[in-house]
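Dear colleague,

Please find below the structure that I am handing over to you.

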Amino acid sequence: MLTFNIRGENIEVTDAIRDYVEKRISKLEKYFDNKVEAIAHVNLKVYQNKTAKVEVTIPLPYLTLRAEETSPDLYASVDLVTDKLERQIRKYKTKVNRKSREKGYKNLDFAPEAAEPEPAEGKELEVVRTKRVSLKPMDNEEAVLQVDMLGHDFFIYEDAETNGISIVYRRNDGRYGLIEADDQ
């Protein structure tokens with residue numbers, strides 16, 4: 001079900017650390033059906049001030065789970081990240097189940113993580129990263145949930161009602177905006 005890609009920065013990933021990370025994050029598998037095959041990308045960092053940061057990204061066909069935590073103890077950071085991911089999954093499932101009951105959807109799929117814009121700051125305008133996304137049908141509220149869960153400023157998706165392409169973005173005032181593409 002879940003396979004792991006564990007990397008360490010300024011730290012050697014020992015068998016004990018690897019086992020602990022796999023054991024804790026594998027507990028999330030109870031929320032997925034048996035058909036889900038995913039790779040959990042785990043990045044462990046230790047800084048000069050002896051704090052440890054754990055970043056976990058789990059791209060799924062219908063959702064991208066991402067969390068990071070920093071604390072003085074690496075194992076505590078792993079625990080905190082696991083708790084955060086579990087809260088994200090429960091929040092997602094609650095919203096999807098509510099939406100399914102309200103609108104009669106059978107299966108809601110979410111698009112993968114959208115590309116983050118790179119700052120230009122006085123440099124030549126050039127594309128430094130390209131990312132392909134598969135647009136999955138969803139409504140505005142589900143797209144806002146994706147923005148919050150991924151920690152991004154925007155999210156592109158296919159509107160389930162109009163079948164058009166839309167972008168939800170976080171405004172400077174903390175609320176959300178919607179851009180709908182014209183079909184011309």
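**The nonpolar cores**

In the largest nonpolar core, which has 32 residues, Ile 25, Leu 44, Ile 58 and Leu 65 touch the most other members. Please bear in mind throughout that this is a predicted model. At least two residues of this core come from each of strand S1 (2-9), helix H1 (15-26), strand S2 (38-46), strand S3 (52-59), strand S4 (64-71), H2 and H3. The element that gives the most to this core is H2, with seven residues.

Leaving aside its neighbours within four places in sequence, Ile 58 is in contact with Leu 2, Ile 25, Leu 28, Ala 38, Ile 39, Ala 40, Leu 63, Thr 64, Leu 65 and Leu 85. Another core, of eight residues, lies apart from the largest one, and its members include Met 138, Val 144, Val 147 and Phe 155.

**The chain as a whole**

The chain has three helices and eight strands, and along the sequence they follow the pattern β-α-β-β-β-α-β-α-β-β-β. Of its 184 residues, 38% are buried. The chain exposes about 11400 Å², and carbon and sulfur atoms supply 47% of that area. Among contacts between residues at least 6 apart in sequence, 45% join residues at least 24 apart.

S3 and S4 form a hairpin with four residues between them. The two strands run antiparallel and are joined by eight bridges. Within this pairing, Val 54 has Glu 69 in S4 as its bridge partner.

Leaving aside its neighbours within four places in sequence, Ser 77 is in contact with Ala 52, Val 54, Glu 69, Thr 70 and Ser 71. Is Ser 77 buried or exposed? Ser 77 is buried, with a relative accessible area of 0%. Its side chain makes a polar contact with the side chain of Ser 71, at 2.7 Å.

**The sheet of S5 to S8, and helix H3**

Four strands form an open sheet in the order S5-S6-S7-S8, with mixed pairing. Strand S5 (137-138) and strand S8 (176-180) each have a single partner strand and stand at the edges, so one side of each is left without a neighbour in the sheet. Helix H3 (residues 140-150) packs on this sheet and touches S5, strand S6 (154-159), S7 and S8. The direction of H3 makes about 150 degrees with that of S6.

Strand S7 (residues 165-170) pairs with S8 in the antiparallel sense, over five bridges. Here Val 168 stands opposite Leu 178 in S8.

How many of the 11 residues of H3 are buried? Eight of them are, so H3 is largely enclosed by the rest of the structure. The buried residues of H3 are Glu 142, Ala 143, Val 144, Leu 145, Gln 146, Val 147, Met 149 and Leu 150. Two of these names, Val 144 and Val 147, were met above as members of the core of eight residues. An α-helix has 3.6 residues a turn, so residues three or four places apart point the same way. After H3 comes Gly 151, whose phi is positive, near 75 degrees.

With kind regards

Key:
Residues numbered from 1 in each chain as written. Predicted model: local features only at pLDDT ≥ 70, side-chain atom pairs only at ≥ 80, totals over all residues. Heavy atoms only, no water. Buried < 20%, exposed > 50% of the residue type's maximum accessible area, 1.4 Å probe, protein only. Polar contact = N/O pair within 3.5 Å; in protein donor to acceptor, adjacent residues only side chain to side chain. Contact = heavy atoms within 4.5 Å. Pairing = 2+ DSSP bridges. Axes fitted to C-alpha atoms, helices over the stretch in contact; angles between N-to-C directions. Areas by Shrake-Rupley, 256 points an atom, 1.4 Å probe, with all protein chains shown as cover. Core = buried A, V, L, I, M, F, W, Y, C linked by side-chain atoms within 4.5 Å.
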